[in-house]
Amino acid sequence: MNNNEYEPRILIITTDACSYPGVDNAGQKHLHYSTKTYTIRTLDPVIFDVDWYIEVFKAGYDGIYIASCGTDSPYIGTFEKISKRIEIVIKEMKKMGLHFSQIKLTAVCTVCADHFVRELKAFTKDVAKNMPVKVIAQ
Amino acid sequence: MTELDYDALIIGGGIGGIQTAIDLGDMGHKVLMIERRVSTGGAMIQLSKVFPTLDCGSCITTPKMSSAFNHAMVTTKTMAEFQSFTEQSDDTFEVEILQRSRFVDLDACSGCNECADACPVIVLDEGYDESLGYTKAVGVPFATALPQKAALDIDNCIYCGKCANVCPTDAIHFEMRDEIQKFKVGAIIIATGFYQTPIKENYGGGRFKNVITGLQMERLLSPTGPTLGIFRPSDSKIPWSIAFVQCAGSRDKSIGVPYCSSICCMFAIKQAILASASAVMAEITIYNIDIRAFGKGYDVFYETARNMGINFVKGKVALIEELENKDTRLHIEVLGRDGNKKLVEHDLTVLSMGVVPQWDEHMSKELPVALNSNKFVDEIRLLSDPGITSIPGVFAVGTATGPKDIVDTIVSGSAIAGKVSLWLKGELRDRFLMKELQVVM
Amino acid sequence: MIKKEEKLGIYVCHCGGNISDYVDTDKVAEIIGKEPGVHISKAFMFMCSDAGQNMITDDIKAEGLTHVIVASCSPNLHHMTFQKVVSEAGINPYTYRHVNLREQVSWVHTDDEEAATEKSIRLIRGAIAAVVKLRDLSAIQKNMIGAGGIIGGGIAGLNAALDIANHGIPVHLIERTSILGGQTLNLDKLYPTEVSAHKFVDDLIERVNANKYIFVYLNTEVVNTTGTIGDFTLQLQTNGKETQEIHVGTLTIATGFDNYIPMKGEYGYGESEHVITLPDLILTLNSYKAEKLVINGKEISSVGMIHCVGSRQIDEIHQIREGAKLNTNCSKICCTAALQQAVRLKQMFPYLKIVDFYRDIRTYGEKEIYLDQVAKAKVTLVKFGDEEIPQVEIGEKLKISTIDELTYGIRVQAKVDLIVLVTAIVPREKPAIVEDLSLAIGENGFLAEAHVKLQPIESPVDGIFYAGTAQGPKDVKECAMSAAATSAKAVMLLKKDIVEIIPFIAEVNTELCDGNGDCITQCEYHAITLVDDCDTGKKVACVTAELCVSCGACIPACSKKAITLIGYDTNDILGEVRAMIKEVDM
């Protein structure tokens, strides 16, 4: 089985204030990334608890790319809270046999299209390389 | 009283005009905002990041642009210029607006930009990209432009018709013409912002490719810029050493700008910080007389820059020369400890240009508000009633009255909206007409 | 999952080829048409056109659609357009969903039509799962008390009061001292117009007193504040005894600043009575009549001024009071004030020798003119470095020495009769209201605004604004500007009878809530409190709608899953996520 041929399914979590327009900006520039990426829109990813992320993996996603506002968030203290939470998510992921590189917390601004696409491509590759083989067998 | 088309006319769709429009709209007034360029957003939408928070510039501009543009009480006209006004006896104005032709039907255009892909004409982008990038003769002006609709640049168009052929909504109309539109309004707000001073002759007068302005540097640093990184204009080389020259067009009586432009110390420091992240190996020096980091949290920003290894040298740059390899050589009168005059060489030199008003004597012929000694619109009640000009019912906001940073421009937008609202209510007349100017200003 | 009575209408836009050239929009409409609950599924050239909008309106009316989804360009362009269309046709606008097939599908996957088509189907499926869970919502409405409150009767408070009252709106102006006018009364002339500070303040007070909508409370402190936007309750105490309660819809905080008092020994302060502060000097000169300058019994023939005393402090270079915080801020107004006083000294006593020790002269904007004036007045300027502190020696003459950066780093010394310390603008001791309403204090001790760049006069709490120097150093002109701005913001609220709050707020399921307060500790906006449940009497969490900013930080804190964010239920979002990954039978 060759990990490189499989296109992992990625959930992209965006924010209204920053990354959703940022992902739009990649479209305006006609940049390309994997078609197996599915975007949802939130006010701030701080709303999701550890279980929620685990449920997303259980539903069949191979990677979660969290495009937050970073420290530019319109809300106080949320980025720090997400960062701490993702550390716990990674511990739980390990218990399930998942690799830490299958989740990424990052910041995407409204015009950071190139940065976003570069990073998403690298992430997609990383996930394909490091994800457990059993999922690929589907 | 005459039936008004709009309670207020705002001349200028930069951040100052936008804030005034939003606040007047929120107070229940019907507003017309006109913008000379193809998009609203002014100088702020061109910025890479803003000091001292290093927020992405477009990220914090676009929400304001869109809330003005989509406001139920605000009508926005782009490519529209103020022409003339007539004062009516009942404290209202009749104004004439020149609506320049866009050659694109705004209602029909879906912003898909296929016209730009089809257009064979490549044009130097003198607006958004400050002559560092290229654009097409037709298309949506830039990614965050509002309205997000195409415009056709008739001066550069070769009338090949390719754009009209590919346009899925038949939105392109070559037969469109400029027109004069007349409106009755209750107040006029000048929000025309600033220009950068031209590059001085002793700095090359604009002929040296690697001597660029502060706004050009913004475009080089911007994620939406023409280069996506700092590459110097002459040869696209990543610069090894960058000079910032402060007061390149301010605090200089010889060019008629005796005042301090207020914003350039901070934006040079910001650009230096951003440049050190983009061109990691570059040595960066800021030549200055005083560093004026006076706003809230600004001095810490300056301190951060010093701790990052950015050099601050006290000195006046007397002359800039261009070397054969296009490097720039600066003649500096060093004020500091290590001696007198010095010659230094840098790959790229960024000039902190002065801030001069777009509303100039020429504009004042059509709408004769008094100007102050620095040639900005005079606020005749400077200390108590900001924005009040010498003509009752005419107000000025943002950098039209003097150099201001973004924060102060936004505050002035809200402040003047409040004053305009009072005027429309029939108040404030006495404040405009008070005789004893010296007693209470 | 989908209830029987639900009838969904799905509209897939070609965007004139922008989508349909890369996505098989007809196939998308066809496959989506087979999804449970979908009553209509169409592809159309331009959904945003009049024809497209009318099609939706007609379908809602003729077919009785319960939910509408448009799959077209980015919602940032047309979400509002279609929200309006469905709303006018009788569907709750909060239940409208928009799918982005252009910016996030066709334009980024121009090279793989099959995959782009499949992705489009998945995204719409996600939206279907989400849309049926959305509740009908409307903005939360709250009554607005039509009177404004202003705390602080300095120039910012006076200006703010006038701008609200001139709209015919009542204003309560509360001042803790016995007079209006604040610290401007201690000044001489105001820059840059050089108008008399007293005349300026008198004019303001006269207009305030003449205004029948302004109610002034002197010698009055606000001892307790409660409430939220639309209805704040202020407990006032006058002359330390009588108390009364007032109700206001908005609050403007204009509590001003304090002058920094140097530590004993800081540049000789407190060790010689001829080391004074700039505010001391201005006060002395204000009432000074004699021809010779005599201060504390000594005839003064030379003056040294030292800038940045208490401002722009750097760790390990500047000493600070025990327990105090480093003041890294520039006080903004003191350079100009010092130069203005230097010129004044020279005008009053032309024989004086003045040496001005500064770090950077910050006469920004039009204030640069004062730098010209001191040069003309022959004041000697000495620039010291950021890491250099001028040394002061107390003796018969007072000695100031430092390395002068203007003369190639030569150590210079000035022997003077009087030293004037140009002291910092520092925040006032925290007013009680800051504590009562949990307002944020910034790094430098001044009130922190909602957004440094975009909302510079708004507090993070709705309905509360900052005028003048309570928010940071400002000159008179800037105080007037910020005061006028706060009043504009207050007026737009006070003119309404009702204030509308977006309905996306946290909501507590009181049956599940065990009142352990975990959500409360996560809320940075103090929007959640514990209250007694009327039915059961147990302690449960309660969200104050006016304070909730919809960030969702409280949601994951609850082990009982008793708190949700309206419009963003994490379970429903999970449903959307699951619907997107279900295999598509192409």
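**Domains, interfaces and a sheet**

Tutor: The centres of domain 1 of chain B and domain 2 of chain B, taken over C-alpha atoms, are separated by 31 Å. Domain bounds come from an automatic or database domain assignment. Please note that this is a predicted model, in which local features need pLDDT of at least 70 and side-chain atom pairs count only at pLDDT 80 or more, while totals for chains, interfaces and linings use all residues. Residues are numbered from 1 along each chain as its sequence is written, and chains are lettered from A and ligands numbered from 1 in the order in which they are written.

Student: Which residues make up the two domains of chain B?

Tutor: The assignment gives domain 1 as 6–100 + 178–193 + 358–433 and domain 2 as 196–354.

Student: How many residues of these two domains of chain B are in contact?

Tutor: Two residues are in contact if their C-beta atoms, placed from the backbone, lie within 7 Å. In chain B, 13 residues of domain 1 are in contact with 19 residues of domain 2. The side of domain 1 that touches domain 2 has six nonpolar, four polar and three charged residues. Here Ala, Val, Leu, Ile, Met, Phe, Trp, Tyr, Cys and Pro count as nonpolar, Asp, Glu, Lys and Arg as charged, and the others, Gly among them, as polar.

Student: Which elements of chain B give two or more residues to the side that touches chain C?

Tutor: Contacts link 61 residues of chain B with 58 residues of chain C. The elements concerned are α1 (15–26), α2 (57–69), α7 (298–307) and α9 (406–424) of chain B. The largest share, 12 residues, comes from α9(B). Helices (H or I, at least four residues) and strands (E, at least two) are DSSP runs, numbered from the N terminus.

Student: How many residues of chain A are in contact with chain B?

Tutor: In that interface, 10 residues of chain A are in contact with 10 residues of chain B. Both α1 (19–28) and α4 (113–130) of chain A supply at least two residues each to the side that touches chain B.

Student: How is a sheet read, and in what order do the three strands of chain C lie?

Tutor: Strands of a sheet pair through backbone hydrogen bonds, either parallel or antiparallel. Two strands are paired if DSSP finds at least two bridges between them. In chain C, three strands form an open antiparallel sheet in the order β11-β12-β13. The edge strands β11 (220–228) and β13 (242–248) of chain C each have a single partner strand, so one side of each is left without a neighbour in the sheet. β11(C) pairs with β12 (residues 231–238) of chain C over eight bridges, and Val222(C) stands opposite Leu236(C) in β12(C).
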